[in-house]
Amino acid sequence: MSDLKFLLLPPTLNVLLVLLGLMLGLRSLLGALLAMLGLVGLLALATPVASHALRQGLEPYPVPMPSQLETAQAIVILGGGRDYDAPEFDWGDAPANATWRRLAYGAHLHRSVELPILVSGGRVHDEHSAEASLMAAALREVFDVPVRWLEGESRNTAENARFSADMLLAADISHVALVSQAWHLPRAVAEFEAAGLTVIPAPTEFASPPPQGWHAWIPRAYHLNQSTRALNEWLGRAWIALRDRLPL
């Protein structure tokens, strides 16, 4: 599923539709419709209106109240990717922007509730160092926040949950505040609860509303990226729903 899903996401899906339309011939009704669907769909997904609509439906959790965090025993921060060979840091690779946002909010929570932190992220492409080690270095050197647990074997959200739960339950910790982007948390919460943990969602980076007027309809690469991420989450949620209904 992880490799095949890219065929179902823009821009790859849109390019495939256009190519299929060209193969069938633009003079045929089906060929013209497929080519138009691919092109118009790509432009539509790149608009602020579309990206906001797709992301907003993925963000059911508000920022946790202090009273909700009283039952938490630890903070779990999920990895969100890396930048390779980042020259401005001494670590080689560095956390990607999505990960930095999670780290910043996790550090903020840590200073508020003084709970120990677990960072989770492995080597998706067999990199030299686990993403968790990059996250721990960033928390230590940039935010002056310690990390108690490093989970560096996971390659996706399901493994984030399973491997993190193994470490935390072994330490007699079952209630966690889970930090990730607001659009990612519904799937992450489901995976962590399935792994046996009680989860307090701690979302960050909520979808910004689109600009007013005609600017909301101007396609931009940034919004295409946001739409693609949102569609990836919708696919992930559909896969979890299907998986839960499949016979063991």
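Biologist: Which element gives the largest share of the lining of the second largest pocket?
Modeller: That share comes from α3, with four residues; helices here are DSSP runs of H or I with at least four residues, strands are E runs of at least two, and both are numbered from the N terminus. This is a predicted model, where local features need pLDDT of at least 70, side-chain atom pairs count only at pLDDT 80 or more, and totals for chains, interfaces and linings use all residues. Residues are numbered from 1 along each chain as its sequence is written, and side-chain values use heavy atoms, leaving out hydrogens and water.

Biologist: How much space lies in the second largest pocket?
Modeller: About 190 Å³, the volume being the space filled by probe spheres set on grid points that are joined across faces, edges and corners. A pocket is an open set of points on a 1 Å grid over the protein atoms alone, where a 1.4 Å probe fits, with protein on both sides within 12 Å along at least five of seven lines, and lining residues have an atom within 4 Å of a point.

Biologist: And which residues are closest to the centre of the second largest pocket?
Modeller: Of its 13 lining residues, those are Arg-55, Ala-207, Ser-208, Tyr-222 and His-223.

Biologist: Now the largest pocket: how much space lies there?
Modeller: About 1,500 Å³, with a lining of 45 residues, of which Lys-5, Phe-6, Arg-155, Asn-156 and Asn-232 lie nearest the centre.

Biologist: What gives the most to the lining of the largest pocket?
Modeller: Helix α9 does, with 10 residues.

Biologist: Switching to α2, what are its buried residues?
Modeller: They are Gly-31, Leu-34, Ala-35, Gly-38, Gly-41 and Leu-45, where buried means under 20% relative accessible area, exposed over 50% and partly exposed in between, with a 1.4 Å probe and protein chains only. Because they cover an arc of only 140° around the axis, they sit on the same side of α2, the arc being that of the directions from the helix axis to the C-beta atoms.

Biologist: What do the buried residues of α2 pack against?
Modeller: They pack against α1 (12–24), α3 (48–56) and α9 (221–245), with contact meaning heavy atoms within 4.5 Å. On the other side of α2, Leu-29 and Met-36 are exposed.

Biologist: Last one, is Asn-160 buried or exposed?
Modeller: Asn-160, which lies in helix α7 (residues 157–170), counts as buried because its relative accessibility is 6%.
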